[in-house]
Amino acid sequence: MTQPHDPRGNLVRPYAVTRGRTEPSRDIPIEAVLLASPAAVQESRFAGHDKYRIAALCEPKALSLAELAAHTRLPLGVTRVLVADMVADGLLQLHSAAPKTGFTERMDLLGRVLGGLRKL
Amino acid sequence: MDFASSEERTRPHPAEITSAKIVVAGGFGVGKTTLVGAVSEIEPLTTEAVMTVAGQGIDDASKVPGKESTTVAMDFGRITMADDLILYLFGTPGQTRFWFMWDELIRGAVGAAVLVDTRRLTDAFAPLDYFENRHLPYLVAVNCFDGAPRYEPEEVREALAIPARVPLVMCDARHRDSVKTVLISVVEHAMATLVAEHERATPVG
């Protein structure tokens, strides 16, 4: 994906786009994936330029928080604040990262990942 | 923007998508991004975290004079395994002074591979120390560069004082099949570790 470098460059302090907030309203793992419905993409037009870009990126394909930060060229922490807001506002659907507890759940996931790697 | 093909768009998204990650650690220039790129379906991407260097561990960074902000870059790749399962591979920032970023990266990870370059064995000490003190299954992958001194696996293990319980594999970070083998070993080691912990927690009889 090629995207012109953000013309605002370093003149804008990183957290200006979050209105100075540095703490996300919920913790989102770097690998957690997000999806936006077509309706949510339309709605996000009114939520500001950065949120609209994020929603548009998540509509065709589930993307992780890390991918969203890379594609928008926003720092990870800034992206996390925006994404957490969008999840709270119903603009993005948050999908779960790997289960951290439960022997059976974790073994099932590891087994699926192993199978996926072997098929590569 | 690379919008997905129309075929991809008409297929409904699954109700729940799970993502997992494997961390690739190692010193600067050891081949982490090369390894990620060898198996990733996308060109490795870079995400940046901005931090205030002087502000680390201090509640209000604005009160610190002469604070300067630093950007920590992490490269990562993606393997879509199924409609509802995605594996991400994250390379750690090369500089070991960014440990706090490593903590965020390893949280919830399946496991980790510490990549080692035999030409600069001492660069491996800090990452190995880090994982020895964390609760995450990891293995050591020795990257065999062309022209790099070839050592027997046991020589590397001894030189780096790697405990017997930590698997050690030889690899070539440029080759897909070789990297695939490394990742399979990480997951197998994670499964074995999980089973062993489970058995210790629930003794038979």
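View 1. A residue is called buried if 20 or more other C-beta atoms lie within 10 Å of its own, exposed if 12 or fewer do, and partly exposed in between, with C-beta atoms placed from the backbone; strands (E, at least two residues) and helices (H or I, at least four) are DSSP runs numbered from the N terminus. Strand β1 (residues 18–26) of chain B pairs with β4(B) in the parallel sense over 7 bridges, and Ser19(B) stands opposite Ile86(B). Strand β3 (residues 69–82) of chain B runs antiparallel to β4(B) and is joined to it by 6 bridges, with Ile79(B) opposite Leu87(B); β3(B) and β4(B) form a hairpin with 2 residues between them. Pairing requires that DSSP find at least two bridges between two strands.

**View 2. The open sheet of chain A.** The 3 strands of this sheet have the order β2-β1-β3 (chain A), with antiparallel pairing, and the edge strands, β2 and β3 (93–94) of chain A, each pair on one side only. Between β1(A) and β2(A) there are 2 bridges, and Leu34(A) stands opposite Leu63(A) in β2(A).

**View 3. Helix α2 of chain A.** In this helix (residues 49–57), Lys51(A), Ile54(A), Ala55(A) and Leu57(A) are buried. Seen down the axis of α2(A), the buried residues fall within an arc of 160 degrees, so they line one face of the helix; the arc is that of the directions from the helix axis to the C-beta atoms. These buried residues pack against α1 (38–44), β2 (63–64), α3 and α4 of chain A.

**View 4. The side of chain A that touches chain B.** Here 37 residues of chain A are in contact with 42 residues of chain B, contact meaning that the C-beta atoms of two residues, placed from the backbone, lie within 7 Å. The elements of chain A that give two or more residues to this side are β1 (33–35), α3 (65–72), α4 (76–88) and α5 (103–118), and the largest share, 11 residues, comes from α5(A).

**Notes.** Residues are numbered from 1 along each chain as its sequence is written, while chains are lettered from A and ligands numbered from 1 in the order in which they are written. Because the model is predicted, local features need pLDDT of at least 70 and side-chain atom pairs count only at pLDDT 80 or more, whereas totals for chains, interfaces and linings use all residues.
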